[in-house]
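Hello,

Here is the structure I promised to pass on to you. Please open it alongside this email, and my notes on it follow right below.

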Amino acid sequence: MRDISEFQNYKDVVIGSIIDLAEVHDDIVFLDSDLSSCIGSTSFQKEFPSRFFNCGIAEANMACIAGGLSSVGFTPFIHSFGCFASRRMYDQLFISIGYAHRTVHVIGSDPGITAQYNGGTHMPFEDIALMRQIPNFVIYEPSDALSLYKLVQQVYKRGEPSYLRTPRKGMTRRYDESTEIELGKAITVREGSDVTIIATGVFLVDHAIKAADDLLKHRIKARVLDLHTIRPLDTETIMKAANDTGKLIICENGRYAGGVGEMISSYLIQHDLAPRIRFINVGDCFGEVGSLDYLSKRFGMTSGDICKKVFEIL
Amino acid sequence: MNKQEIQFLKEKALDTRVRLIKEIASFGQGHIGGSMSIVDLLVYLYFREMNIRPENPQWAERDRLVLSKGHSGPALYAVLAEKGYFDESLLSTLNQGGTTLPSHCDMLKTPGIDYTAGSLGQGISAAVGIALGQRLKGWKARTFTIVGDGESQEGQVWEAVEAAGAWKLSNLTGFTDLNGQQLDDYTDAIIPMKQLKERYETFGWKAIEANGHDFPDLERAIEEARNTEDRPTMIILHTKKSYGFIPGEGIKSNHSMPISMETADKAIKDLFERERDV
C-alpha cells in the first residue's frame with residue numbers, strides 16, 4: 001500500500017485506495033454521475049480510461065448499469081453525493097443490487113451535516129436508516145485517512161455490496177500502522193470505565209475524544225469507540241462497553257429514526273441489557289446550509305453537547 | 001426463412017402458449033396478457049437467435065436477455081422449460097411457496113434468468129450495463145432486453161436509452177412490446193406512447209417497427225439489428241395483449257386474470273381450432 005501522507009483529502013484517499021485495488025484486480029470499474037471532479041474519480045479515469053464510465057446526471061440508471069456490469073464479472077464502485085447515492089437511487093439499490101445480490105460498492109460523499117454549503121437539499125440524514133433496510137449491504141463510515149484507505153480495501157475483499165459515508169474534504173490522521181483496523185470491529189480510541197461514547201465518522205469521533213478529555217477534568221473516565229462499521233455491528237465490543245460502563249452516549253451524523261442509536265439500543269434490549277443511553281444526532285428535522293462548525297452547534301453535536309448528555313446520566 | 005422453419009417456430013409458439021396457459025391456470029391467476037404478447041418473440045430469440053448453452057446456464061460468454069417487464073416471467077419460463085433449462089413439471093409450481101419460478105424474474109432462483117426484474121424501468125438499465133460489460137470483456141456476446149410500452153412511461157427507461165445511445169452499444173438490442181395496454185387501461189387513455197421510433201432515433205438508436213406475431217417480419221428486424229454495428233437497436237413490436245389466450249383478447253382487464261383449469265382447457269381447445277383454421 002502507498003504512503004497515506006501522499007493524499008491531501010479523504011476523497012483522494014478513497015480514490016487512491018480504489019486505484020491501488022484496480023491495479024491488481026482488473027474486475028474493478030468506476031461509475032460516476034457527473035461528480036467525478038468532486039470526488040476525484042478523474043484520477044481513476046486517467047489511470048484506467050476504459051474502466052471508467054461517467055453516467056451523467058442519472059443516478060438510478062447508474063446503479064442498475066453497475067448491477068448489470070456486476071453480472072458479467074465486474075466489480076463496480078459508483079459515486080454520488082450521499083443524498084443521491086441513497087435516496088435518489090434507493091429502489092435501484094434495493095432491487096437491482098441488494099435483492100439481486102450484486103456486489104456493487106456505493107460511495108456516498110458528504111454525509112449528514114458535512115454537506116455544509118450545499119445545504120438541506122444535499123444533506124443525507126436518513127441514508128443510514130435507508131441502507132439498513134437492504135439486508136445485505138455493509139455500511140461504513142471511517143473516521144480517519146488510514147482507516148478509510150484500509151476499509152475500502154477490506155470491503156472489496158469481503159465481496160458484498162457496500163455503502164460508504166465519507167466527507168470529501170479534510171485529512172484527519174488518527175491512526176497508524178499499530179492500530180488494528182478491521183471491518184466490523186470498532187476501534188477503542190480511549191479506555192474508560194465510567195461511560196462509553198460511541199461515535200461514527202470524522203467530526204463526531206473528534207468531538208467524542210474532545211469530550212473525553214474535558215470529562216477527565218471532572219474525573220470522569222470516558223471510553224471512546226470509533227464505530228467505523230455500522231453494519232455488521234460490532235456487538236461484542238458494544239455489549240462489553242454496556243456491561244463495563246453501564247452508560248452509553250451514541251453519536252451519529254444523521255437522524256435518530258432508523259439510525260445507529262436505535263440499532264444499538266434495539267440490540268441491547270433484545271439481549272437483556274439496559275444501560276442508560278443518550279443520543280447525539282440531528283433529531284427530527286431537515287438540514288440547512290452553513291459551516292460544519294455552525295451546523296454542529298445548531299444540531300447539538302459538539303463535544304460540549306456530548307458532555308451535557310454524560311452529566312445527565314451520571 | 002423457409003416454410004419448414006416458419007412452421008417449426010409456429011409450432012413452438014403454439015406449444016409455448018399452451019404451456020403458459022396451463023402454467024398460469026395451475027396457480028389460478030397471473031399476468032397472462034403481457035406474457036402472451038411476447039411469446040413469438042421469445043420463441044424466435046431462444047430457438048433461432050441467441051447463442052446460449054442451456055446445459056450450462058452460467059456460461060459467461062452467452063447472449064443474455066433481460067426481461068425488463070419482469071411480470072411476464074411466466075412466458076419466459078415456458079420457453080426456458082422447452083429449451084431444457086429445467087424440468088417442465090416445475091411450471092405448475094409457479095408462485096407457490098418455495099418455488100423457483102416467481103411471477104417476476106429472479107436471477108438467483110431460476111436457471112436461465114439473466115437478471116432480476118419486477119420494478120419497472122430497471123431492467124433496461126441493467127441490460128445497458130451487461131452490454132457494456134460484454135464489450136469491455138471483448139466478448140462477441142449480445143444483450144437483448146424487452147420493455148413494455150406502459151413501462152416506457154418510467155423515466156429511467158429514457159436514462160438507459162440515452163446512455164446506450166451515447167455509448168453506441170451495438171451489441172444491445174431492445175424490444176418494445178407495443179401491445180397498447182397497461183394494467184389500468186389502454187395506454188392511449190393514460191400516457192400515450194407515441195412516436196417511439198422517432199424517440200429512439202433521436203436518442204441515437206436504430207429503430208425498426210415489426211409485427212411481433214409474424215416470424216419472417218421478426219427475422220427481418222432482428223437481422224437488421226444484428227447487422228447494425230454503430231449503435232443499439234430498438235425493435236418496436238406491434239403486438240396484441242393476451243394474443244393466443246382468446247378470453248383475454250380485446251378486453252381491457254387482461255393484465256392479470258384469474259384462469260381456472262376449465263377456462264384454460266377451453267381456451268387451449270379454442271386456440272387449436274383457430275390455429276387449424278389459419
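B:S242 sits in the loop between β6 and β7 (257-258) of chain B; helices (H or I, at least four residues) and strands (E, at least two) are DSSP runs, numbered from the N terminus. Its phi is near 75°, a positive value in a residue other than glycine. B:S242 counts as buried because its relative accessibility is 0% (buried means under 20% relative accessible area, exposed over 50%, partly exposed in between, with a 1.4 Å probe and protein chains only).

Before you read on, two notes on the source. This is a predicted model, in which local features need pLDDT of at least 70 and side-chain atom pairs count only at pLDDT 80 or more, while totals for chains, interfaces and linings use all residues. Residues are numbered from 1 along each chain as its sequence is written, chains are lettered from A and ligands numbered from 1 in the order in which they are written, and side-chain values use heavy atoms, with hydrogens and water left out.

The peptide bond from A:R231 to A:P232 is cis, with omega near 5°, and A:P232 belongs to the loop between β10 (229-231) and α10 (235-245) of chain A. For context, most residues other than glycine have a negative phi, and most peptide bonds are trans.

Five of the six residues of strand β6 (residues 233-238) of chain B are buried. β6(B) runs parallel to strand β4 (residues 172-178) of chain B, with six bridges joining them (two strands pair if DSSP finds at least two bridges between them). In this pairing B:D177 has B:L237 as its bridge partner. Strand β5 (residues 206-211) of chain B also pairs with β6(B) in the parallel sense, over six bridges, and here B:A207 is partnered by B:M234. Together with helix α9 (residues 215-226) of chain B, β5(B) and β6(B) make a right-handed β-α-β unit; right-handed means that, with the strands pointing away from the viewer, the path from the first strand over the helix to the second runs clockwise.

In chain A, have a look at strand β11 (residues 247-251), where four of the five residues are buried. β11(A) pairs in the parallel sense with strand β8 (residues 195-199) of chain A over four bridges, and is joined by five bridges to the parallel strand β12 (residues 276-280) of chain A. A:I249 is the bridge partner of A:I197 and stands opposite A:R278 in β12(A). From β11(A) the chain crosses through helix α11 (residues 260-270) of chain A to β12(A), in a right-handed crossover.

Finally, how do the two chains meet? The contact (heavy atoms within 4.5 Å) takes 24 residues from chain B and 25 residues from chain A. About 2100 Å² is buried between them, 63% of it from carbon and sulfur atoms; buried area is the accessible area (1.4 Å probe) that two parts lose on being put together, summed over both. B:Y115, B:Q122 and B:L136 supply 26% of the area that chain B buries against chain A.

Best wishes
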